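Thanks for coming, everyone. Please look at the model on the screen while I talk.

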Amino acid sequence: MSQKPMKILVVGCGNMGASHALAYHQLDGYEIAGLVSGGKSKEVLNEKLGGGYALYDDYYAAMEATNPDAVSISTYPDTHETFAIDALERGCHVFVEKPLADTVEGARRVVNAAKKNNRKLVVGYILRHHPSWEKFIEMSQKLGKPLVMRMNLNQQSEDKMWTLHRNLMKSLSPIVDCGVHYIDVMCQMTRSKPVQVYAIGARLTEEIPTGNYNYGNLQIRFEDGSVGWYEAGWGPMVSETAFFIKDVFGPRGSVSIVAKEAGGSGKSDSIEAHTKTESLLYHRADLDKNEKFAHEDEWIDLTDEPDHNALCKREQEYFLKSVHEDIDLTNHMEDAVNSLRIAFACDESVRTGKVVTL
């Protein structure tokens, strides 16, 4: 006997909210109970999905009216904690976009609410569902220790993307909002405890709050001697030169993501391009008796390359599976809190100019 679809309320209908709603619309296991947003984005999304969904301006009114089984939260980060805890307390399962909350303490409170109410909490770490990124992490294990991990995502943004970035920076910096993905990847590559962070930041426009910055660069030192850096810049002034760097090297060689198309000019603020990998370049450090490289570099073309919609579907299939199969999400939730803790330590380092010990 087939299971009844999970009735889900979509809260937040911007870029990621719309992407998740499209996944729910396309997957048999879900039934959208309603779309919630403060502005016009819900009307635009409703039309894109063919119309007919109930629309709400207010989260609490929508919860009362729809009584959903699950809630999908893709609002600005300063509402994540409040909405997630409310939904969990009402007995709903929760999918929440990263970051889990806008403070580490808030993230811990959300996790505690999920445990207390025995509900599933999945955080939107989309790269964990991407076969190419899984391969990238898997291949990093062949390189020995310590590892050197270098990653960035600078976005030269205009128009709607610059509006989105300005709004995000009312509550978070780029290295917290985007950096949690790549900090999470580094933690998976090393599976070692991060011990110190240092970060720098620059405020390149008066259009963002005093005290925040739209360019940041963080460095992490791990217990096993591994080190990593991540760089993020947002805005119309950001350079597109070398905006897409994702590689790792260790004593035995290196693995690099080479995204020829996604790394092209004009693609830096494309959400579709951010997850694209296209191919991995595997280099081995072994030298022969003449001190020449013993192996040719190897290109690994990635045939399973889901687009953004397909990736969101995989993420939401995982959410559904976690409910139906009662998957233990303890590590998933702890990793989400941990990567956020590291990102906020980087923010502290930017503000104080000091190395922060974790």
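Pro99 sits in the loop between strand S5 (93-96) and H5. Helices here are DSSP runs of H or I with at least four residues, strands are E runs of at least two, and both are numbered from the N terminus. The peptide bond from Lys98 to Pro99 is cis, with omega near -10 degrees. Most residues other than glycine have a negative phi, and most peptide bonds are trans.

A word on the source. This is a predicted model: local features need pLDDT of at least 70, side-chain atom pairs count only at pLDDT 80 or more, and totals for chains, interfaces and linings use all residues. Residues are numbered from 1 along each chain as its sequence is written, and side-chain values use heavy atoms, with hydrogens and water left out.

Where is the cis bond from Lys145 to Pro146? Pro146 lies in the loop between H6 and strand S7 (148-152). Omega for that bond is near 0 degrees. Next, Glu291. Glu291 is not a glycine, yet its phi is positive, about 60 degrees. Find Glu291 in the loop between strand S14 (279-284) and strand S15 (298-301).

Now the domains. The protein splits into domain 1 (6-123) and domain 2 (128-310 + 339-357); these bounds come from an automatic or database domain assignment. Their C-alpha centres lie 28 Å apart. Domain 1 puts 17 residues into the contact, and domain 2 puts in 16. Contact means heavy atoms within 4.5 Å.

How much area is buried between domain 1 and domain 2? About 1,300 Å², with carbon and sulfur atoms giving 67%. Buried area is the accessible area (1.4 Å probe) that two parts lose on being put together, summed over both. In domain 1, Tyr76, Lys98 and Val104 lose the most area to domain 2. Together they make up 39% of what that side buries.

Notice Lys98 again. Lys98 forms a salt bridge with Asp177, with the closest N and O atoms 3.3 Å apart. A salt bridge is a side-chain nitrogen of Lys or Arg within 4 Å of a carboxyl oxygen of Asp or Glu. Side chains of opposite charge can pair when their charged atoms come close. The rule finds one salt bridge across the interface of domain 1 and domain 2.

Which elements give two or more residues to the side of domain 1 that touches domain 2? Helix H1 (15-26) and helix H5 (104-116). H1 supplies the largest share, six residues. By class, that side has 10 nonpolar, four polar and three charged residues. Nonpolar covers Ala, Val, Leu, Ile, Met, Phe, Trp, Tyr, Cys and Pro; charged covers Asp, Glu, Lys and Arg; the others, Gly among them, are polar.

Back to salt bridges. The count comes to 18. One of them joins the side chains of Arg128 and Asp335, at 2.8 Å from N to O. This pair links distant parts of the chain, 207 residues apart. Arg128 is in the loop between strand S6 (121-123) and helix H6 (131-140), and Asp335 is in helix H12 (residues 330-352).

Last, the record. UniProt, in an unreviewed entry, lists "domain: Gfo/Idh/MocA-like oxidoreductase N-terminal" at residues 6-125. UniProt positions use the numbering used here, feature names are shortened, and annotations may be inferred rather than shown by experiment. Residues 6-125 are 42% helix and 22% strand, with end C-alpha atoms 21 Å apart.
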